[in-house]
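Reader: Could you walk me through reading a fold and a chain–chain contact? I'd like the general idea, then the case at hand.

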Amino acid sequence: MMAEQHPSEVTLLSYVEDDLTTGARQDVAEHLVACRECAGHVRRLEAGRAALRSAPPLELSDESRARMLASLPDRHPRRSLSDYVRRGLLIAAPVAVAAGLAAVVFTTDPQFGGGDDDEGAAVAEDAGEAEGGGDAQMEQSTGAADATALGTLVRNVAGPASAVVNALAAEGIDAEVDESGSVIAQGTAADVRAALEDRPSGIVAVYVR
Amino acid sequence: MDPDEELVRRAKKGDRFAFERLVAEHEQRMYTLAARVLGSREDAADAVQEALVRAWLALPRFRGEARFSTWLYRIVVNTSHDLRPKRREAPTDELPEPADPRDRFAEQELSGELQRALNALDETYRAAVVLYDVLGCSYAEIAEMTGVAEGTVKSRIFRGRGELAERLGTAVQETESNE
């Protein structure tokens, strides 16, 4: 009947969500009989859940949807260049480089469909070959792999992105999280790969530039 | 494994039709997420539009380690977050409810009491409860989307639901009325 040793927040949530084993559930239930404070938490958790789950799904209007789909840029840098520049994602000599890349990607567009699961890299490689290495500036700034804006993809690792940044910082590599949640590191691909060697694969894309 | 895998593969190659079908599959949840987090239909439409552009451009780099939906909703969380400070400085867009009666979707206006209670929550709590209780995402998915540990997600759900219930005044009377 003692109310000290309250179950943790996580345990109370698990109780409400029915995620506890039978024994643990029984322990919490006995505590709740004796503890008004925790019983109040449980009631609020249930009431909050009920209110949220009664919220109806919301629908975009047909007009909004059509407008959004129509506004998607072409997926090559010519059209999206202003986006990249606005977000500060391109670094050195962006206009000349991207204009050159845009022209090349445009000409290779019809070749899409090689069964490759990494189209970005494939296109950029095609671009490099077609250009005969004529775009040294691009290679210098991005490594020419996935050269649209973010740099070269090193690996996709488990998140959260902030932890990836910290892991890189611990190895002396500066990095930041961009707006889509990718990590952009300043350094060589080899260093970054080594720094993240122990990290399992996951959703966070790590780029170097 | 990921029900979207086939369409994602095609969309990555630049197939807009495949991308539109992915959008059709997820737009309701993307929009519901943004609207509940931002408290405004107009802002939500902007957030979803921005998210779709980012998703379309970033799709070639999506490797499929997480489900496509997790990746997509994470972008919506980010675009919604990015939109908030800007909108705060623009008072004309504040407090979008109640609906303009000329809006043909007025009948779908964000349900007043719940949305007001949601708006009053800390943004991180609000995102957590909307993702978990309204969209039905798992703790692990929410952790990936919001960049925090699962334990933090659970704590945010605990606090978000609790505060929400207090603001809605539903659970409180039962527990504290007979002091």
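This is a predicted model: local features need pLDDT of at least 70, side-chain atom pairs count only at pLDDT 80 or more; totals for chains, interfaces and linings use all residues.

Reader: In what pattern do they follow along the sequence of chain A?

Author: Read the order from one end to the other. Chain A runs α-α-α-α-α-α-α-α-β-α-β-β-α-β.

Reader: What share of chain A counts as buried?

Author: Burial goes by how many neighbours surround a residue, with 20 or more C-beta atoms within 10 Å as the cut-off. By that test, 35% of the 209 residues in chain A are buried. As for contacts in chain A with a separation of 6 or more, 55% join residues 24 or more positions apart.

Reader: Which residues have the most contacts inside the largest nonpolar core?

Author: That core holds 88 residues, and the top ones are Val206(A), Ala34(B), Val48(B), Val76(B) and Leu131(B). Take Val206(A): leaving out residues up to four places away in sequence, its contacts include Val154(A), Val157(A), Val164(A) and Val183(A). Arg155(A) is also one of the residues touching Val206(A).

Reader: And the contact between the chains: how many residues does each chain give?

Author: Count each side separately. Chain A gives 51 residues and chain B gives 59. Elements of chain A that each supply at least two residues to its side include helix H1 (9–16), helix H7 (119–131) and strand S1 (152–157). The largest share, 13 residues, comes from H3(A).

Reader: What is the make-up of that side by class?

Author: On the side of chain A that touches chain B there are 22 nonpolar, 16 polar and 13 charged residues.

How values were computed: Residues are numbered from 1 along each chain as its sequence is written. Chains are lettered from A and ligands numbered from 1 in the order in which they are written. Helices (H or I, at least four residues) and strands (E, at least two) are DSSP runs, numbered from the N terminus. A residue is buried if 20 or more other C-beta atoms lie within 10 Å of its own, exposed if 12 or fewer, and partly exposed in between; C-beta atoms are placed from the backbone. Two residues are in contact if their C-beta atoms, placed from the backbone, lie within 7 Å. A nonpolar core is a set of buried Ala, Val, Leu, Ile, Met, Phe, Trp, Tyr and Cys residues joined through C-beta atoms within 7 Å. Ala, Val, Leu, Ile, Met, Phe, Trp, Tyr, Cys and Pro count as nonpolar, Asp, Glu, Lys and Arg as charged, and the others, Gly among them, as polar.
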